[in-house]
Amino acid sequence: MVQEVHQLIDSHAHLEELEGLERALEKARSLGMVAVIAVGSNHQSNVETLEISERHPAFVYPALGLHPWALAEMGASEIDGSLRFIEDNMEKAVAIGEIGLDYHKRLRAAVDKDRQQAVLKDALRLAQKYDKPVILHCRYAWKDCFDLVHQMGVKKAVFHWYTGFTSVLREIVALGYLVSATPAAEYHGEHRRAIREAPLASLLLETDSPVEYGRETRYRSQPADIVRSLGAVAELKGIDESTVARKTTLNAAGLFGLPVDQGLAL
Ligand SMILES: [Zn+2]
């Protein structure tokens, strides 16, 4: 069976957490993928993300971030140091992320809303200052995340793995921000509803590798699993895979300022 090759971009992967990373990237290239955005979560992961992107120029593009989950173990001076590292390496990064808010009660017990918001604001200030897109994690916090991004005057943002309210999704789309689809779009009700409602012009594909997916059979994801996100989006929207692939790749290239094959625009 000949599998159709699509020029896909994985817009969100934690490459430094992948086992067998080099093999996984080889597989991604052999599928015809054209880029992977490697997101950083904390200082160590930002350092590793930069190293991986230097080993894979023009294929792995780094984003530098400070995930809300990382804050639980960090003191104020460590947080400042991480933000300073991001700023010092800004010209190497295509985006700031993964950053955001997470209002799950277990995390809120460790890092309250105010502290999470203060750090997010600092990161958004950098995005605004250097005109970088942001990659956002907003679990149970979609509205607050959206409001902060908007208020801080950040122009380009992707709300990753969107599962929030339709009302917030409409605001996201109206302001030209994007949402991204993971392989959970094959089965997760809230995520599927959001993908169905978001116009194709507002969508990116991602894997959030190495996150585990699946209902009956669980599997650890890698960038090549982007074909699952693609298949699910095509099915949900009733649009052929080639069109979804081309549009989402152009959306990602536009957001992150990546060079794309001119043939894609046809
Ligand atoms: Zn992530």
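Visitor: Asp 102: buried or exposed?
Guide: Asp 102 is buried, with a relative accessible area of 0%. Buried means under 20% relative accessible area, exposed means over 50%, and partly exposed is in between, with a 1.4 Å probe and protein chains only.

Visitor: What kind of model is this?
Guide: This is a predicted model, where local features need pLDDT of at least 70 and side-chain atom pairs count only at pLDDT 80 or more, while totals for chains, interfaces and linings use all residues. Residues are numbered from 1 along each chain as its sequence is written, and side-chain values use heavy atoms, with hydrogens and water left out.

Visitor: Back to Asp 102. Which residue forms a salt bridge with it?
Guide: Arg 139 does, with the closest N and O atoms 3.0 Å apart. A salt bridge here is a side-chain nitrogen of Lys or Arg within 4 Å of a carboxyl oxygen of Asp or Glu.

Visitor: What parts does that pair tie together?
Guide: Arg 139 lies in the loop between β5 (134–137) and α6 (142–151), and Asp 102 in the loop between β4 (95–100) and α4 (105–110), so the pair ties together parts that are 37 residues apart in sequence. Helices (H or I, at least four residues) and strands (E, at least two) are DSSP runs, numbered from the N terminus. Arg 139 is partly exposed, at 31% relative accessible area.

Visitor: How many salt bridges does a search of the whole structure find?
Guide: It finds 13 salt bridges. One of them joins the side chains of Arg 55 and Glu 22 (3.0 Å, N to O). Arg 55 sits in helix α2 (residues 43–55) and Glu 22 in helix α1 (residues 21–30), so this pair links parts 33 residues apart in sequence.

Visitor: And the one with Glu 186, which residue does it meet?
Guide: Glu 186 meets Arg 228, at 3.2 Å, N to O. Glu 186 is in the loop between β7 (178–181) and α8 (189–197) and Arg 228 in helix α9 (residues 226–237), so the two tie together parts that are 42 residues apart in sequence. Glu 186 is partly exposed at 35% relative accessibility, and Arg 228 is partly exposed at 31%.

Visitor: Which residues are joined into one network by shared partners?
Guide: Lys 143, Asp 147 and Glu 171 are joined by salt bridges that share partners.

Visitor: New topic. What is the volume of the largest pocket?
Guide: About 920 Å³. Of its 35 lining residues, the closest to the centre are Trp 69, His 137, Arg 139, Trp 161 and Asp 208. On a 1 Å grid over the protein atoms alone, a pocket is an open set of points where a 1.4 Å probe fits, with protein on both sides within 12 Å along at least five of seven lines; lining residues have an atom within 4 Å of a point. Grid points are joined across faces, edges and corners, and the volume is the space filled by probe spheres set on the points.

Visitor: Which elements each supply at least two residues of that lining?
Guide: α6, α8 and β9 (212–213) do.

Visitor: What about the nonpolar core, which members touch the most others?
Guide: In the largest nonpolar core, of 72 residues, they are Leu 15, Val 134, Leu 136, Phe 159 and Tyr 162. Another core, of 17 residues, lies apart from it and includes Val 39 and Leu 255. A nonpolar core is a set of buried Ala, Val, Leu, Ile, Met, Phe, Trp, Tyr and Cys residues joined through side-chain atoms within 4.5 Å.
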